[in-house]
Every structure is written in structure tokens, then in C-alpha cells.
Amino acid sequence: MTAVLRLAALSAWSRRLTLGLSLIAIALAVTLLLAVERIRGDARQNFAQSVSGVDLVVGARGGSVQLMLYAVFHAGAASNNISWDSYRAIATHPAVDWALPLSLGDSHRGFAVLGTVPEYFQRFRHGDGEALRFREGRAFGGVFEVVLGSEVVQRLGYRLGDSITLSHGMSELGPAHGDKPFRVVGILAATGTPVDRTLHVGLEAISALHLDWVGGAPLPGVNIPSELVTKFDLKPKEITAALVGLKQRGDVFRMQRFVNQYRGEPLLGVMPGVALDELWQTIGIVERSLLAVSALVVLVGLAGLAATLLAGLNERRRELAILRALGAGPGEIFLMLTAEGLLVTILGALLGLLLLGAGSGLAAPWLLERFGVVLATRLPGNEELALIGAVILTGLVASLVPGWRAWRRSLADGLTPRL
Amino acid sequence: MAALRITDLVFRWPRQARPCLDITHLELAAGARVFLHGPSGSGKSSLLGLLGGVALPQRGAIELLGTDITRLGGRARDRFRAEHIGFLFQQFNLLPWLSALDNVVLPCTFSARRRERAGSSPRNEAERMLRHLDLGEELWRKPAGELSVGQQQRVAAARALIGRPEILIADEPTSALDAERQQAFIDLLLQETAVVGATLVFVSHDQRLAGHFDRVVALDEINRAAQEVTA
């Protein structure tokens, strides 16, 4: 039997060009499959780690998914703001350890601007409870100071001390707050979360920007210059949302009930874990479809292999007849063909794994920069090994077809194939 | 002991109504050199398949070296073929992607018996045979597919005879050669078969070659199935 397998390997080597093409197709398909699986897993993890240690996210009443989207991911817009009084009522509730006000709605060249308090930089947690770190500079202190996320800096090339202006609304073409420039005083280290794509200013800055605005548009003829804004009361009247940490996590349902039944205005409190899961369910269809498509690509690759082996069978009738004459049984002929297909599948899967390793090393910075996806270079996990196992198993099944054909044919041809 | 004894043989291919072989009796003595004359349609390939044990007759016995191979199982027939029979075909006898030398050694990888009978080293034996068959040493390690047809047939003869099988079945081995080389090749084959002491069954439709052999058997005469077709 080992003799037959050795001959199978030598025979395959003599047809290395056609088999090589099948092998490359399988390798690429496996790379795609594993990459999708890995990105899927990593994206999900990034997603789940975008906020950590927050017990409740509070906003105006609406959908919990929508609240998560604007409060945590700074995507989309809030339907309503919540009043400063409501925020104070929550923040001073005896069960609450800390609360961070979030004021959203302005942007800078497509990046969201977040108005908050300096405490945000100490309190905010992401990943496995990691705090924000300043790569350079410090938190904002003065009204017209801004702290940038790492991606903002990477994409727009700002440095400490640069002066930037903000736009009203999320559109780059929206009316500008060009009359009130900000100075960059801090740059945050990369986190792989929406923080990287955010500009952070004080709540007072948000108030100051909108002193001479009414109903979303600048008041005609009124222009309050930056130097004078401190003369005005910059205490915020409204914020968009708040992140709340409790003294005891066990109080979370009680606190949620307090928020949802707040009499002052209709509020909504959601637990981030629950809402993120709900949000992921929606996105989950996309990732599962992607996985299904890559599984199909693998199937196409394996079908191609089976087709190549079947097509080659005709040219190899002599070869098989010679082996029969030398004493090979039909079983060994079957084994030879099946082993060849299996060998190509296994080599293809290994090459695919190798390509993924090399590719993720090369593509990881690009993926992080372009899509904010953190792709870790690591040994294949259990799910990936299971996928590879499934690919090899399917390859074996696909190889049984040419094996079976060769077996049938070697029985019919005997020692003298009629060509 | 006869090298081959066929008794009351009837063979029909699956899904065919009529038998293509119907032989009452054929016996070949050990060491004989037999010219089996088989025009096309006389059941030649069927007989080869039966002798090789890759097909089974519906009736009758095929005794090779005293063993009725129709009573053996499939694996045992495959092993019997590997151990006792050397095959030589028209052309394309060799695995083109193996070297000439590796092609000659092949039977020794399939059969322990032939490996033992090839002496201490099958490779040395293969080299000895190739040298004896006048194949230049520079060709030994070339892929067999790159040799000329005549060279390939000599390599194939060496392969069929390595490990001294008792029976050598040659199926039109000279049909791809020109007349001059045919002569030389048959001489070589007869000589080598004699050295090995094998029974040679030389199958051909070309009656002009019959003169070299001890005995001539006309397949269409002993095969009653073929007679019915022509009648």
C-alpha cells in the first residue's frame, strides 16, 4: 500500500501544473474562509469591547439599538436630547458611583465630536477594562481645547498645538463653527474602539459653539467672538446621553427602572452588554452570509479539484492499466486517486493557513486603519481548526468521486484499455 | 506441471448477451514459447484479462502453474498476477514520469516474491538487465516518457522479466516497431525468456512472426465463440 501511495505522490508530481492550480484555488478559498471567520470573530470582539465597565447607557426614550449606536459608536443621531436636570438627577442618585455626560452632534471632517467632562478620560473603559491613555499631551482644560482619537490623528495628520475648527452636524458640508477654532492639547493612544475616531471637547465648548445659534442655525447678525464666550453662562442645558457606573452592579435593574420611570421626561436606560448583543444580532446576518459565501467558494474549489482529477482520469487509463498489470488491485487504484485528491486538499488547506498568517500580518495595519478592525496574528483557534477539518473532510468526499470512477474503470478496462 | 491449462471456459462481458470466449481445452507446457495468433475480434483482450485475473469467467477453470485462479478471490488474483506473470503490451508500457530504472524495479515493489528472486538488490538486477538489453547507461535515469519507442519496449521487457516470473505474456509487443526492430526485439525476448526460464505467450495478429516459436495456437480456431461470429 505504501508503494501505491508513493506512486500516487510521484504521479501527482508529474501533473503538478494542473494540480497546482487546483491547490492554489483551494488555498485561496481556505484563506478567504479563515479570514472571514477571523475577522468575524475579531469584529465581534472589538464590538463587544467598545465599551466596558458601564452599567447603564442613558438617553432619550427610543430604541435601545439606536441609543447604543449614537452614544457608544457615535453613529446616527439622537431623536431627542435629555435635560441637564435629568442628568443631574441620575448622577446624584445614591446608587450611582459616577456618570459621564455625552453631548454629540458636531463633527470634524467626518469624525464625531464628543462633548464631555475631563473625568471621561479617567472613567472610560474599553476592552477588558482598559483605561484611555494619552499618547501625547493632556485632557482638555480650557473651553477651546480638544483631545483627538488616534485614528483622527493618523488620517488627518494633526499634531499638538494645531488649530482646528468644527462643523455643525455630521456632514462635512454643514454650517461651520469656523469662527471658534480649537487647539489640540492631547492625543489618545489607539484603542480599536470608536474613541479612536472621535474628537473630545468639554461640554462648555459645545455650549460656547452654539451661543449664537438658534434651532440649528447661526443667528443672523449675531457673532460672539471666542474671547467673550466666558462672559456667558456655559453650563449645559441639554446633553445627548450619559454613561453611568453604579456602586454595586446588583443595583442595575433598580437603577434601570428609576431611569425608565423618570417623571421629568421620557428616558431610556439600557445595559450595554444586552444592547450590544441585540445590535450584533442585526449585523450577524451579514457576517453569517459572508461565512456562507466563503464556504461556497471552498466548495467551488473542491469541485474544481474533483473535476480536474476526473478529467485527468481519461489520460491516465494507460497508467492505471499498467499498475493493474503490475499487481495493483482495484482497491489500490481507488486509494491512489482518493489519496491524490486528499493530498491536494490538505496541502491547499495548509497553504491557505500560511497565506492567512502572512496576509494578516501584512493586512492588519491596513484593516485597522481603513475599517477599524483589529486583526490579530495568532495560531488558529478551535473554530478555525474545525473549519479546516471540515474543508479536508469535504475534500475527501470530493476525492471519492474520481476514486470511485477510477475503480469502476479499472474493473472495466482490465489490462487493455480501449482508447 | 503445465504452465497453463484452460478447461471448459466460457466468458461473457457484463451487459453483453453472447459470450466472447468459449474454449474447451488449452494447455501450454512449462517453458514453452507459444505464438498465440489472435486476429481482432477473436477474444484476445478478454483472454488476457482472464489470464491476468482481472476478469472472471462465467464457467470453467484457468489453471496457472497448477493454481486455478478462478477459485481465488480478487486480492489473491492480483497478488498471483504480481508474483508469477510478467506483462508486456503494445506500447505505453511504462509510467512516463518514472525513470527507466524505476520502471524496471516496479514489479519488485508490488511483489515480495519477485523482489527476492531479483537477488540481493532489485536495483542492481534492473541495471544488469538494462545493460544486457543494450540500453545505454545514460538513459537509465531519464524519465521513461523521453525514451524512443524501441528503447521503451526494451525497458518494458526488462520490467516484465525482473524477478523471474514463471509466465511472460506479451501482447503485440512489436506492433509499434518497424520490421527490422521487430526481428531484433523478438530475438531478444526469446533469449531473455530462456534465461529466466519463463513460459512465453506471445500474442499477435501478425502471422509472419509465428516462425520464431515452438508452438502456434490460433485463438479463432480454439475459441468457439469467435467461430460462431464468423460463421
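The structure is a predicted model, in which local features need pLDDT of at least 70, side-chain atom pairs count only at pLDDT 80 or more, and totals for chains, interfaces and linings use all residues. Residues are numbered from 1 along each chain as its sequence is written, while chains are lettered from A and ligands numbered from 1 in the order in which they are written. Chain A has a radius of gyration of 31 Å, whereas a compact globule of 419 residues would have one near 22 Å; the radius is taken over C-alpha atoms, and the globule rule is 2.2 Å times the number of residues to the power 0.38.

**Overall form of chain A**

- Chain A contains 12 helices and 17 strands, where helices (H or I, at least four residues) and strands (E, at least two) are DSSP runs numbered from the N terminus.
- Taken along the principal axes, the box filled by the C-alpha atoms of chain A is roughly 105 × 45 × 35 Å.
- Chain A is divided into domain 1, made up of 2-47 + 284-413, and domain 2, which covers 56-270; these bounds come from an automatic or database domain assignment.
- The C-alpha centres of domain 1 and domain 2 of chain A are 51 Å apart.
- Of the 419 residues of chain A, 40% count as buried, a residue being buried if 20 or more other C-beta atoms lie within 10 Å of its own, exposed if 12 or fewer, and partly exposed in between, with C-beta atoms placed from the backbone.
- Among the contacts in chain A between residues at least 6 apart in sequence, 80% join residues at least 24 apart, and two residues are in contact if their C-beta atoms, placed from the backbone, lie within 7 Å.

**Contact between the chains**

- On the chain A side 16 residues are in contact with 24 residues of chain B.
- Helix H1 (2-14) and helix H10 (317-325) of chain A are the elements that give two or more residues to the side of chain A that touches chain B, and H10(A) gives the most, with 5 residues.
- By class, that side of chain A has 7 nonpolar, 6 polar and 3 charged residues; Ala, Val, Leu, Ile, Met, Phe, Trp, Tyr, Cys and Pro count as nonpolar, Asp, Glu, Lys and Arg as charged, and the others, Gly among them, as polar.

**Nonpolar cores**

- The largest nonpolar core has 109 residues, and those with the most contacts inside it are A:Ile26, B:Val104, B:Leu130, B:Val155 and B:Ala158; such a core is a set of buried Ala, Val, Leu, Ile, Met, Phe, Trp, Tyr and Cys residues joined through C-beta atoms within 7 Å.
- Helix H2 (residues 16-48) of chain A gives the most to this core, with 12 residues.
- A second, separate core of 62 residues includes A:Ala78, A:Ala112, A:Val146 and A:Leu188.
- Not counting residues up to four places away in sequence, B:Leu130 touches B:Ala100, B:Leu101, B:Val104, B:Leu135, B:Trp140, B:Val155 and B:Ala158.

**Strands of chain B**

- An open sheet of 4 strands in chain B has the order E2-E1-E4-E5 with antiparallel pairing, two strands being paired if DSSP finds at least two bridges between them.
- The edge strands, each pairing on one side only, are E2 (21-29) and E5 (67-68) of chain B.
- Strand E4 (residues 59-64) of chain B is joined to E5(B) by 2 bridges, and B:Glu63 stands opposite B:Asp68 in E5(B).
- Strand E6 (residues 85-88) of chain B is covered on both faces, with B:Ile85 and B:Phe87 buried on one side and B:Gly86 and B:Leu88 buried on the other.
- E6(B) pairs in the parallel sense with strand E7 (residues 167-171) of chain B over 4 bridges, and B:Ile167 in E7(B) is the bridge partner of B:Ile85.

**Selected residues of chain B**

- Most residues other than glycine have a negative phi.
- B:Arg15 has a positive phi, near 65°, and is found in the loop between strand E1 (2-11) and E2 of chain B; B:Arg15 counts as exposed because it has 5 C-beta neighbours inside 10 Å.
- B:Leu65 also has a positive phi, near 55°, and its place is in the loop between E4 and E5 of chain B; B:Leu65 counts as partly exposed because it has 18 C-beta neighbours inside 10 Å.
- B:Leu36, found in strand E3 (residues 33-37) of chain B, counts as buried because it has 26 C-beta neighbours inside 10 Å.
- The C-alpha atoms of B:Leu36 and B:Val216 are separated by 5.9 Å, although the two residues are 180 residues apart along the chain.
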